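Please keep the sequence and the coordinates at hand while reading.

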Amino acid sequence: MPEPAELYDAIVTGNAKKAEEVTKAALEANVNPTELLGKYMIPAMDEVGKRFECNEYFVPELLIAARAMKTALALLTPKLAEAGAKAAGRVVIGTVQGDLHDIGKNLVASMLEGAGFKVVDLGVDVPAQKFVEAAKEQEGSIVAMSALLTTTMTQMRSVLQALEAAGLRRKTKVMIGGAPITQQYCDEIGADGYSDNASGAVALARRLVGVA
Amino acid sequence: MAIAGLTLIGETINDSVPSTRKLFEAGDLAGIVELARFQDEKGAAYIDVNVGARPPEFMADVVRRIQEVTAKPLSIDTPDPAIAKAGLAAYDPARAGGRKPLLNSISPLRVGMFDLLSVQPFRPILLISERVEDGRSRPCQTAEQTYQAATFLLAEAQRAGLEPDDCILDPGIAPIGSDTEGNLKRLIGAMEMLHNDPKFARVHRSVGLSNFTVQLPSKRADGSPVKGPLENAFLTKAMPLGLDMIIGSVKRVYETLPPEHPAMQCLEDCLRLGGFEAILRVREFYR
Ligand code: B12
């Protein structure tokens with residue numbers, strides 16, 4: 001039988017098949033799913049993020065690792081729910097109106113899921129009102145927006161204004177990202193945080209929900 | 001440098017290039033003009049000009065300053081009609097030997113930009129990676145949708161009085177390192193369809209080639225380069241299908257590759273495999 005600890009390597013190296021095998025075996029052997037997640041899976045994704053930040057890993061490795069993570073997570077999710085495990089937090093994510101770029105957004109969503117967040121993905125070309133509705137439905141969520149075009153990044157301000165107008169701004173943390181976004185822009189429009197990469201996005205989300 | 005039959009649009013004057021953005025932010029127009037001069041000298045046929053979200057007058061100013069040092073025609077690069085208008089109005093064809101500028105780009109949602117032909121005749125880059133559905137832009141997910149977008153935009157261009165030879169189709173290239181959704185397959189499939197349809201015979205094709213390899217490491221495990229060979233593999237595949245222009249770098253050595261070249265094999269495998277298997281194959285190429 002594979003050892004649960006092998007799950008860490010399977011995720012770091014992006015071996016989805018191995019990740020599935022180990023997770024299945026561990027669950028059959030009644031290993032606590034919360035422990036599996038906290039002890040091996042999340043630290044593995046953290047390691048992947050670190051390697052990315054020091055240019056040891058590149059986007060392909062991130063995608064491959066995120067897939068291995070998702071494979072394991074899919075097996076775990078029902079058990080976690082049974083065990084009444086709480087998600088690290090909730091995130092509503094989307095690419096802003098007029099913008100169809102979603103590779104970065106998807107990667108951020110995967111990494112957040114990997115870190116134990118419950119993620120609702122609104123897709124691309126998301127109008128401000130849709131962000132507001134989702135924030136209302138999923139009260140207490142972080143709203144995460146992605147924009148890759150200088151012509152669409154201005155939509156982020158509209159979403160913040162719409163949240164304000166709906167009386168949700170104070171209950172909702174807002175994080176933003178995408179190639180043209182800067183910390184300066186984040187401060188200017190009054191969002192709660194910015195990151196220029198997917199592992200930074202996880203650290204940021206943890207900070208926003210107060211777990212790091 | 002470029003291959004015979006391949007027109008190079010020099011890419012560096014673009015707000016999304018960090019070093020160029022710094023020049024814009026510092027108001028260093030002399031630096032911008034130098035980029036134009038350098039690309040001209042190194043063989044660019046056109047100089048792309050993208051000033052990001054800065055005011056239209058700024059685009060106009062940059063166009064005038066660049067035209068003082070180069071006789072190459074420019075490519076006015078913006079999705080914003082007001083910025084495009086200012087750039088086109090400022091452009092002086094006489095300084096480019098009477099040649100028209102390019103307008104990069106018109107998408108199916110922005111056909112109103114053909115009205116700018118009255119400001120200054122131009123050759124449009126027609127963005128066929130998008131289509132309009134219920135009044136909104138949607139990405140083209142199949143070769144067929146991409147081909148439909150091309151048919152639509154070419155008809156619109158002709159209605160606006162343009163000749164097929166004035167038009168350049170851009171099927172939209174996405175990074176090979178994150179292409180889990182078969183974009184490369186869509187693109188090559190669309191190029192094949194366009195190539196087989198006589199109504200596109202005199203129409204040109206262009207891609208922003210550097211976008212193909214963004215987010216990849218610069219070197220393979222053996223120290224040899226990653227990006228140049230993969231871009232060249234794409235050229236080798238796409239030129240026989242009608243690709244005759246690229247937005248790219250004057251510093252890159254563009255050349256066609258023999259079929260047994262590892263980058264060529266990687267490209268063919270990615271096309272065949274698709275999905276995550278393709279990503280794994282790209283990783284295998286550089287690891
Ligand atoms: C792939 C791509 C496309 C694909 C998109 C496919 C898809 N499904 O997403 C296609 C071909 C369809 C496309 C179309 C267009 N594109 Co495009 N595209 C790109 C490209 C090459 C790569 C983007 C990418 O996926 N990167 C990989 C991911 C992993 O990185 P990322 O998105 O930056 O995300 C990371 C971070 O930013 C951050 N992040 C992202 N989102 C979020 C959100 C939060 C909350 C946080 C915290 C962090 C975060 O984390 C991510 C992971 O590390 C870029 C060039 C570039 N160098 O960025 C141009 C680029 C963004 N496109 C550009 C343009 C102009 C266009 C078009 C208008 C057409 C054209 N002429 O090329 C159309 C517009 C379509 C539309 N309406 O949106 C320009 C934008 C210029 C500008 N400054 O406005 C760029 C910069 C290219 C260029 N140099 O001109 N494009």
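The notes that follow cover the ligand site, the contact between the chains, the barrel and selected local features.

The structure is a predicted model. Residues from chains A and B surround the ligand, so the site is shared between chains. In chain B, 8 strands close into a barrel with parallel pairing.

**Ligand site**

- The shell around the ligand holds 48 residues, of which A:Ile103, A:Gly104, A:Ser146, A:Gly177 and B:Asn211 come nearest.
- α5(A) gives the most to the shell, with 5 residues.
- By residue class, the shell comprises 22 nonpolar, 20 polar and 6 charged residues.

**Contact between the chains**

- On the side of chain B, 21 residues are in contact with 14 residues of chain A.
- Both β7 and α9 (275–286) of chain B supply at least two residues of the side that touches chain A.
- α9(B) gives the most to that side, with 5 residues.
- The residues on the side of chain B that touches chain A divide into 9 nonpolar, 7 polar and 5 charged.

**Barrel of chain B**

- The order of the strands around the barrel is β1-β2-β3-β4-β5-β8-β9-β10.
- From one strand to the next, the twist averages 25°.
- Strand β1 (residues 7–10) pairs with strand β10 (residues 245–248) in the parallel sense over 4 bridges, and B:Gly10 stands opposite B:Gly248 in β10(B).
- β1(B) also pairs with β2(B) in the parallel sense, over 2 bridges; there, B:Ile9 has B:Tyr46 as its bridge partner.
- Strand β3 (residues 74–77) runs parallel to β2(B) and is joined to it by 3 bridges, with B:Val49 opposite B:Ile76.

**Strand β2 and helix α3 of chain B**

- In strand β2 (residues 46–49), B:Tyr46 and B:Asp48 point one way, B:Ile47 and B:Val49 point the other way, and all are buried.
- A right-handed β-α-β unit is made by β2(B), helix α3 (residues 56–67) and β3(B).
- α3(B) packs on the sheet, where it touches β2 and β3 of chain B, and its direction makes about 155° with that of β2(B).

**Helix α4 of chain B**

- Helix α4 (residues 81–90) is largely enclosed by the rest of the structure, because 7 of its 10 residues are buried.
- These buried residues are B:Ile83, B:Ala84, B:Lys85, B:Ala86, B:Gly87, B:Leu88 and B:Ala90.
- Their cover includes β2, α3, β3 and β4 (102–106) of chain B.

**Residue B:His261**

- B:His261 lies in the loop between β10 and α8 (262–273) of chain B.
- With 15 other C-beta atoms within 10 Å, B:His261 is partly exposed.
- The C-alpha atoms of B:His261 and B:Pro229 are 8.7 Å apart in space, while the two residues are 32 residues apart in sequence.

Technical notes
Residues numbered from 1 in each chain as written. Chains lettered and ligands numbered in written order. Predicted model: local features only at pLDDT ≥ 70, side-chain atom pairs only at ≥ 80, totals over all residues. Near = placed C-beta within 6 Å. Nonpolar A, V, L, I, M, F, W, Y, C, P; charged D, E, K, R; others polar. Buried ≥ 20, exposed ≤ 12 C-beta atoms within 10 Å, placed from the backbone. Pairing = 2+ DSSP bridges. Right-handed = clockwise from strand over helix to strand, strands pointing away. Axes fitted to C-alpha atoms, helices over the stretch in contact; angles between N-to-C directions. Contact = placed C-beta atoms within 7 Å.
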